[in-house]
Amino acid sequence: MSWLPLWPVLVPLLGAAAAVATLERPRAQRAVTLLALALQTLAAWTLLARTLLAGPVALHLGGWPPPFAISLGTDVLGAALCGLAAPLGLLLALPGGAPGHPLRAHRTFAPLLLALLGGVAGVFLTADLFNLYVWFEVTLIASFGLLALGGGRARLDASVTYAMLNLVGTALLLVAIGLVYGRTGSLDMGTLAEPGATDPALLGAALLFFLGLAAKAALFPLGFWLPAAYPNANPVIAALFAGLLTKSAAYALFRTSGLVFSAATDTLLGGFLALGAATALFGGIGCLAATDARRFAAFTVVGGIGVAIVGLGLDSPLGTTGGLAYLFQSMVATPALFLAAACLAADSGDGAFLRAGGLWTRDRLVAGCFGLCVLAVAGVPPLTGFWPKLLLVRAGLEAGATGAVAAVLLGGFLTLLAGARAFALACWRPAPAEPAATDPLPHGARSVLAGLTAVLLVAGLLPELPGRLASAAADDLRAPAALLEVLAAAPPEGASG
Amino acid sequence: MNTHLLFAGLTAALFASSVYLLLSPSILRLVLGVFVLSNATHLLIFVAGRLTEGAPPLLHADRRDVVGVMADPVPQALILTAIVIGFALLVFLMVLAYRAYARFGTIDTDVMTAAEPEPGPALPGDEV
């Protein structure tokens, strides 16, 4: 029994309430928002340190004994993702005072941002299947508001697509949860994972659950909403979505396939492998077809999810480590690429590669960061994307999954090709004769972009540290005995919630 | 058992209608489809939790143990939560649909292509 898993969820939700209370006082609202985000980061990192040093933690809310309590509980995997999500939110909100930043321009941004971060942390830390659905809905409601923020035709159209697809996805989750409860009488992940509780009749529920998650994670045939939605959001919000939303669905796929639907997962592993490979390839092809920087960034999100899910489908220690490490790096690289794309779009008018040019001579920082981010998402050696792909290729060859390995490598190659062409057009070649009208860009976007790229560069040059984190997370995911033990431990008598 | 069958059939019919509505390009039908879909889901959870007639999940004031058959309160709690969330989302969807209608002058999603406009001229190297 530990209170640690509660704070990363509770702090941003309290912060959201405080941000609503300070709607009329922008300075106070900014201060409250940054404070809540900083505290969430602190709480998430404390939780991560605790899970790394002393194993998984669980909190049975209300002090009820295990099958009845609604539990929060996590191991290194959930804590690591939470520990990446919280500082990403903080970093994106830090330049909130700059003109043009949504934190300054829209007073409803702060509560929605904090609700989104609270919802995502809830997804990462909950140990209850129904609460997983509830946290997805919290995230979804906040993201609806954020996507439509600022209005305009394109955002309205994007919101309709995004809202419909994601609502159907969560409805599928809920149907699956109802069937699981009807069959097992429990929604507690610890109870559902007990050996012997693997029921072949749950295969149908598992299929529906994975289908809903696949739609939310933008896996291949269900991911067409993402390139329609993300490029139209405010750049800061698009970066936030790229780092958090599809990643939380991918996390839920990893977690439930290992813990709740382990019997069904054995039957479905080939499907995960095929879908992941198809998504990785589709992402690469999409990158090649994209004619503007923001759509290019959106397709790198799709491709990144595909690579991570290939790791899930390989189902070996090496494969899972590679998939999770790629998920981690994708949480930093794709937001950075969205910011770079926004800087590029602000420079060239609308981000279309044909009208851009000469960025290298005008803004070497943005051009350099754009180039480095392209290398990161394509998986080229000095950056973070390379090492996880190396692990995945090795695991894939060991498992004899040459098709999936080929798809991952080809997807990465197409991304590199498209990224190199984008760099050549937008940065290398001389500026067009008539420079397009430039939009004002929030000053902070450049420094956040530089910060994220620095993280990618350092983590790519020192791959030992993220590699060890991913390997610890994969170990916990594949051998959940320690997590199940803390989830099943009855809270001490008289403990009150 | 027959009641279960009846409710299972009703749930299936609701799911089928919602899929039919969701396949339409009209935003209004999409909203209604999501609405029917969420109600079908609620009914499914309710039926999956078993139908028990005339056995409210109430404990006797001076006896804390369970006597005889009792309805499972958990599916009801789940549905209550899902109804609240679903209602809020439905209201959001209706506002979104209205705003889209006001902005585009149509409720046909096939015509609304502002989010993904036709791509511009081909990039160098694309012409074959």
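**Exercise 1. Work out how strand 1 of chain A is placed: how many of its five residues are buried, and how does the strand pair?**

Step 1. Strand 1 of chain A, residues 57-61, is mostly covered, with four of its five residues buried. Here, buried is 20 or more other C-beta atoms within 10 Å of a residue's own, exposed is 12 or fewer, and partly exposed is in between, with C-beta atoms placed from the backbone. Helices (H or I, at least four residues) and strands (E, at least two) are DSSP runs, numbered from the N terminus.

Step 2. Now look for the partner: strand 1 pairs with strand 2 of chain A (residues 70-74) in the antiparallel sense, over five bridges. Pairing calls for at least two DSSP bridges between two strands. Within strand 2 of chain A, A:L72 is the bridge partner of A:L59.

A quick note on the model: it's a predicted one, where local features need pLDDT of at least 70 and side-chain atom pairs count only at pLDDT 80 or more, while totals for chains, interfaces and linings use all residues. Residues are numbered from 1 along each chain as its sequence is written, and chains are lettered from A and ligands numbered from 1 in the order in which they are written.

**Exercise 2. Describe the overall build of chain A: how many helices and strands does it have?**

Step 1. Count the elements: chain A has 21 helices and two strands.

Step 2. Check the radius of gyration, which is 21 Å against the 23 Å from the globule rule for 497 residues, so chain A is as compact as a globular protein of that length. That radius is taken over C-alpha atoms, and the rule is 2.2 Å times the number of residues to the power 0.38.

**Exercise 3. Find which side of helix 20 of chain A is covered, and check its span.**

Step 1. Helix 20 of chain A (residues 464-478) has 15 residues and reaches 21 Å between its first and last C-alpha, close to the 21 Å expected at 1.5 Å a residue. The expected span is 1.5 Å times one less than the number of residues.

Step 2. List the buried residues of helix 20 of chain A: A:P466, A:L469, A:A470, A:A473, A:A474, A:D476 and A:L477. They cover an arc of only 160° around the axis, which puts them on the same side of helix 20 of chain A. The arc is that of the directions from the helix axis to the C-beta atoms.

**Exercise 4. Is A:A378 buried or exposed, and what does it touch?**

Step 1. A:A378 is found in helix 16 of chain A (residues 364-378). A:A378 counts as buried because it has 26 C-beta neighbours inside 10 Å.

Step 2. Leaving aside neighbours within four places in sequence, A:A378 is in contact with A:G385, A:G412, A:T415, A:L416 and A:G419.

Terms used. Two residues are in contact if their C-beta atoms, placed from the backbone, lie within 7 Å.
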